[in-house]
Amino acid sequence: MKLCKKHSGFAVALSISSILWGGSLHPAAAQVHPFSTFAANGSNLAHWLSDITLTGQIEGGIMANPARPNPGYNFGNFLADHANQVQLNQAEFVLSKAIDPSKNTYQIGFTLEGLYGSDARYYHLTGISDQEWKARYQLIPAQAHVDVHLPWLTSGGLDMQAGILQAPMGVEGLDPAARAFYTLAYTSEYSVPFEHVGAMFNWHVTPILDVTFGIDTGNQTTFGSSDNNSRPAGYFGFNLNNLAGGKLRIVELSRVGPENAWRSSAGGHYEADHAQRFWNDINATYQVNDRLSITAEFNYLHDEGLHGMEGRQFKAADAESFVSFLSYKINKDFTFNYRGEIYRDNNNLMVSTFQGNNSYMNAIAGRPYAAIPGPNTSSHGTTYGALSLNVAYRPDLGHHVRVFQLRPEIRFDRALNSTTPFNGGRNNGMFTFGGDAVIGF
């Protein structure tokens with residue numbers, strides 16, 4: 001699959017995900033154009049309005065755990081955290097005006113996405129939606145940003161997104177139709193950010209090289225008193241496109257800024273504002289042939305203050321991981337997907353399971369929260385291994401159905417150094433099986 005040389009950071013993530021499961025993300029024939037009648041007017045504004053699209057999507061799933069863990073959580077799993085329970089993960093609508101990447105002209109677009117379901121518990125922004133809901137099913141503004149293309153500096157120009165943004169780092173994202181699996185890797189849960197208020201820029205330097213940079217208030221925080229500290233954070237990185245005859249893409253993205261909450265930091269405001277968190281993710285996707293693609297992701301996270309302070313000396317915490325993906329298209333409807341991961345939590349401070357519907361966001365804000373922690377070992381951290389397999393069934397149903405997919409999944413997690421974090425602290429491994437169903441219009 002050859003990829004267009006121009007992409008915003010978010011579009012790059014979607015393109016990589018589309019390669020993983022071997023399908024097209026949003027077939028144009030299935031999009032609804034609510035203002036298409038304006039096209040007959042002939043004015044520039046009417047034409048701009050006529051290209052606005054509306055899409056909707058529903059996802060539900062379950063991951064069963066035969067060990068029946070007490071208190072009922074699949075440890076280390078966000079989106080399918082409740083064992084043996086069917087849940088509505090997402091019901092979402094997106095109204096958008098896309099930028100045309102083939103035209104290096106002044107363009108303006110936007111994306112508005114509202115999402116309701118159990119996934120929303122993990123994708124709030126402090127001060128906007130995190131305290132409005134107490135039930136498992138919650139509502140968030142998943143995206144609300146203005147998109148601009150500026151024909152500046154090079155023939156590819158500069159793309160900008162400003163507003164509420166989904167974080168661009170990593171391979172797996174919030175959209176279930178744009179990733180290979182129902183569940184997420186540890187890396188995608190604990191070592192990449194989720195949501196931002198800020199601005200991202202993607203400069204198309206050459207047909208091969210894109211440079212990405214941006215600034216925001218922090219991971220899942222907003223301005224002023226709603227921020228968990230008083231300092232911004234920012235991105236920088238690059239994309240290498242169309243390598244090896246269009247078969248290879250490499251995406252590197254780094255991020256730095258304080259992310260700890262002053263309410264829960266041992267050093268209070270000083271630690272929260274000065275302890276930097278360094279996020280680093282690089283992934284490469286190679287399209288071997290029309291059926292087979294492989295992706296490798298390496299991530300390293302280092303936080304100067306997550307482990308607390310001794311006087312004015314930060315005690316750092318960090319984690320490193322490697323994730324491999326393989327996707328093989330069996331035929332036009334069925335795709336086999338593999339994901340294998342090694343995740344090293346050096347201080348047992350990254351991996352945990354949040355109990356209750358608001359605990360995750362309370363932890364980000366620095367408020368009291370309940371969690372099932374990782375192994376309580378002071379002498380060493382924990383190395384997690386995870387293997388996931390599925391066969392995704394994704395037929396083209398037509399009749400304005402943009403996407404329909406069924407993904408039965410089996411997964412095995414294991415602590416590789418004899419600790420017992422799973423199933424209520426009883427086991428060093430956990431077997432789960434289930435999957436999800438997605439339908440979109």
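Predicted model: local features only at pLDDT ≥ 70, side-chain atom pairs only at ≥ 80, totals over all residues.
I started with the salt bridge between the side chains of arginine 179 and glutamate 59, which comes out at 4.0 Å, N to O. The pair links distant parts of the chain, 120 residues apart: arginine 179 is in the loop between strand E5 (158-166) and H3, glutamate 59 in strand E1. I checked burial too, and both arginine 179 and glutamate 59 are buried.

Next I looked up how many salt bridges the whole structure has, and the search gave 13. One is lysine 97 with aspartate 51, at 3.3 Å, N to O. Lysine 97 sits in strand E2 (residues 87-97) and aspartate 51 in the loop between helix H2 (44-50) and E1, so this pair ties together parts 46 residues apart in sequence. Lysine 97 counts as buried at 9% relative accessibility, whereas aspartate 51 is partly exposed at 31%.

I also noted a salt-bridge network that links Asp216, Arg255 and Glu259.

Back to strand E1 (residues 53-64), where I found threonine 55. Its relative accessibility is 9%, so I put threonine 55 down as buried. Beyond its sequence neighbours within four places, threonine 55 touches Gln31, Glu92, Phe93, Val94, Arg402 and Phe441.

Last, the second largest pocket: I got about 830 Å³ of space. Which residues lie nearest its centre? Of the 35 lining residues, those are Arg277, Leu306, Leu349, Ala363 and Tyr369. H5 gives the most to this lining, three residues.

Note on methods: Residues numbered from 1 in each chain as written. Heavy atoms only, no water. 1 Å grid on protein atoms, 1.4 Å probe; cavity = no way out; pocket = protein on both sides within 12 Å on 5 of 7 lines; lining within 4 Å. Points joined across faces, edges and corners; volume = space filled by probe spheres on them. Helix = DSSP H or I, 4+ residues; strand = E, 2+ residues; numbered from the N terminus. Buried < 20%, exposed > 50% of the residue type's maximum accessible area, 1.4 Å probe, protein only. Contact = heavy atoms within 4.5 Å.
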